[in-house]
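Please read this briefing alongside the sequence and the coordinates. It takes helix packing as its opening topic and then turns to cores, strands and individual residues.

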Amino acid sequence: MPSSSPDKSPILEPIKARRNRPSSWSDQFPGDPNEALKHVILKMRLQSISNSGSATPPSESEPDSADSFAPNPLSGSTDYFSLLNDELVLDVFSRVTDRKQHVSNSLVCKRWCVLCGKMIQSIVLLDWEFLESGRLSFRFPNLVDISIVPACIKFEMNSGILLHARNLGAYLKSGDFETGGLFVTKEAFLNSETIDRGVRIIATGCRNLRRIALMNVSEEGLRCLGKECEMLQEMELHCCSELALKGIYDCQNLQIVKMIGRVDGVYDIGFSDIGMTLLAQGCRRLLKLELVGCEGSFDGIKAIGMCCQMLEELTLCDHRMEGGWLSALSYCANLKILSIHSSMYIDENPGVEQYLGPCLMLEELHLRRCRLHNREGIMSLFLVCQRIRELVIKDCWGLDNNIFATASILRSIRSLSLEGCSLLTTEGLESVVLSLNELSRLKVVSCNNIRDSEIRRELAALFSVLKELKWRPNSKSFLLTGLHGTGISQPGRSLRGK
């Protein structure tokens, strides 16, 4: 009987093959192979969550564990979108141009709520409890712009009366109309201690802030904000006391400041030369400053000009300055844009003309919704701004031919814009425009006393050489008669490249 070798045995051959074959992941889960696949998917998802976890503990409304994000292995269908990591999902969300869509996306699931929060960089806080709960920084970790002003006012959401003024909104009750001129009393504002506590939460949780709007904050709150948020560049202060501005010394990188001391019907906080001096000494890198409803005089503007050597734009809105403040503008050596809005007067007592030094670097002057009835104040303003290249006058009262004639000293003007000047006539416009030898752009809109039929040949010849002309003094202006032969026959016609 021939001997048989073990290597050639038909029984041992399959056993050897099984031993040499490498093991696979399905061998570890005998039975249903779908269970093995679901286990691998779950393990991948848990590893992705562990790598992108947040150091801030989630609140009750946020996901409290990685299991809330993981697909259910027992479910009948697989959520393939959950297989994408957070970076890919954020890249998809970043391609959505409509910001309102992020709000809808955040309602899909807890994971989308967290990821959409990372896309939000600017918010307006309405609920103060949301801030004090510590959920703000976790919900929106990448904030660079926040306004807490609406949340600093206690009001009833079910009220049907909404007061809105200068980016400030508040819901009123019927009894608020009997408070003696102010619809919002001091009792309706949160106290400074509460606001400082909220500012401290923001400063420690959102260190990348670039802009913030505050109300009734104290010196302690501003100091904490300056120490924690080193990248802060823009600040808006409502209803803030002058002594609280001592804390702004720690905000070394501020470049834009808006100080609101008075809002009609809401509050009226005095902001005088003391506040201007503290602000100027604490913000020496200012590029743009806006003062709303502020009181002051020559000393306050002088302090701003001497301390803020980099200041390029100054805006005064509804100011109540004392006489003589115009002469302090000469200390603003690098000022390029001066804007005066919603003011009842420019300067009631500008003083002697020899003390009105010009702003050598000033290029633009903007007057909007102001009363220009005082010829002496307007003349002093134009003397200070006599080197400007652009003049904008919009919706100002009292600008007649006599007052507008003072603009003839602005020999360097290249662009002139007049809108809503109902007292100015064609004769008054012509007397000034013909004296401006460097004028290249002219805009006349809604000046009802300026008529096409009164345009003379000299003015029509000037229109033909302008680079840009927008002529719409009234709804019936067609420039057919007065501009015959110039090629300009329609309102709003622009001539460029000449």
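In this predicted model, D273, M276, T277, A280 and Q281 of helix α10 meet D299, G300, I301, A303, I304 and C307 of helix α11, where a contact means heavy atoms within 4.5 Å. Helices (H or I, at least four residues) and strands (E, at least two) are DSSP runs, numbered from the N terminus. Local features need pLDDT of at least 70 and side-chain atom pairs count only at pLDDT 80 or more, while totals for chains, interfaces and linings use all residues. Residues are numbered from 1 along each chain as its sequence is written, and side-chain values use heavy atoms, with hydrogens and water left out.

**Helix pair α10 and α11**

- Helix α10 covers residues 273–282 and helix α11 covers residues 298–307, and the two pack with axes 8 Å apart at an angle of about 5 degrees; axes are lines fitted to C-alpha atoms, for helices over the stretch in contact, and angles run from 0 to 180 degrees between N-to-C directions.
- That angle makes α10 roughly parallel to α11, a description used for angles under 35 degrees.
- The contact of α10 with α11 is made up of six nonpolar, three polar and two charged residues, with Ala, Val, Leu, Ile, Met, Phe, Trp, Tyr, Cys and Pro counted as nonpolar, Asp, Glu, Lys and Arg as charged, and the others, Gly among them, as polar.

**Helix pair α8 and α9**

- The axes of α8 and α9 come within 9 Å and cross at roughly 0 degrees, and α8 and α9 are therefore roughly parallel to each other.
- From α8, the residues D196, V199, R200, A203 and T204 meet E220, G221, C224, L225 and E228 of α9, and by class this contact has four nonpolar, two polar and four charged residues.
- In α9, which spans residues 219–228, the buried residues are G221, L222, C224, L225 and G226, buried meaning under 20% relative accessible area (1.4 Å probe, protein chains only).
- The cover over these buried residues of α9 includes α8 (192–205), β5 (211–215) and β6 (234–238).

**Strands β5 and β6**

- Strands β5 and β6 pair in the parallel sense over five bridges, pairing requiring that DSSP finds at least two bridges between two strands.
- A213 has E236 as its bridge partner in β6, and four of the five residues of β6 are buried.

**Nonpolar cores**

- The largest nonpolar core has 122 residues, and those with the most contacts inside it are I148, M235, L291, I393 and F404; such a core is a set of buried Ala, Val, Leu, Ile, Met, Phe, Trp, Tyr and Cys residues joined through side-chain atoms within 4.5 Å.
- Helix α12 (residues 375–384) gives the most to this core, with five residues.
- Leaving aside neighbours within four places in sequence, I148 is in contact with L125, W128, I195, V199, I202, A213 and L214.
- A second, separate core of five residues includes V89, W112, L115 and C116.

- H341 is found in strand β14 (residues 337–341) and counts as buried at 15% relative accessibility.
- H341 and R368 are 27 residues apart in sequence, yet 4.8 Å apart in space, C-alpha to C-alpha.
- S417 lies in strand β17 (residues 415–419) and counts as buried at 13% relative accessibility.
- Not counting residues up to four places away in sequence, S417 touches L391, V392, I393 and K443.

Conventions: Buried < 20%, exposed > 50% of the residue type's maximum accessible area, 1.4 Å probe, protein only. Parallel < 35°, antiparallel > 145°, perpendicular 65-115°, else oblique.
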